[in-house]
Amino acid sequence: MTRSNSFDQETVNKLEKRLSQRPEKTDLVDRNILKDDKGIAPSLVAAKEKLQRSQLEDKLGQALQQRPKPEELVKEGILLEEEAPPSRA
């Protein structure tokens with residue numbers, strides 16, 4: 001008993017054409033569509049991503065702590081007083 005092909009020839013041709021036109025993996029990595037995890041065991045990829053995210057959150061938190069207060073920006077003439085958010089006392 002032979003198995004019949006469930007796709008017509010036109011569908012097969014379209015699929016082959018699209019597959020031949022798809023970008024290379026390196027192009028997708030360069031465009032940040034795929035991640036390049038060379039040299040890392042697959043079991044460690046999730047842990048690596050979690051660590052990177054945690055480090056980024058810490059860096060953002062530190063940057064937010066160091067930004068100037070609205071009052072300082074008004075004093076330096078960067079913001080107009082009416083543009084500054086109300087101060088939280």
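Here is a short chat about helices and salt bridges in this predicted model.

Biologist: Before we start, what should I know about the numbering and the cut-offs?
Modeller: Residues are numbered from 1 along each chain as its sequence is written. Local features need pLDDT of at least 70, side-chain atom pairs count only at pLDDT 80 or more, totals for chains, interfaces and linings use all residues, and side-chain values use heavy atoms, without hydrogens and water.

Biologist: Why is the contact of Glu 10 with Lys 14 called a salt bridge?
Modeller: A salt bridge needs a side-chain nitrogen of Lys or Arg within 4 Å of a carboxyl oxygen of Asp or Glu. The closest N and O atoms of Glu 10 and Lys 14 are 3.4 Å apart, so the pair qualifies.

Biologist: What makes Glu 10 exposed or buried?
Modeller: Buried means under 20% relative accessible area, exposed over 50%, and partly exposed in between (1.4 Å probe, protein chains only). Glu 10 has 51%, so it is exposed. Lys 14, at 52%, counts as exposed too.

Biologist: How do you know whether α1 lies in the open?
Modeller: Of its 13 residues, the number buried is 0, so α1 lies largely in the open.

Key
Helices (H or I, at least four residues) and strands (E, at least two) are DSSP runs, numbered from the N terminus.
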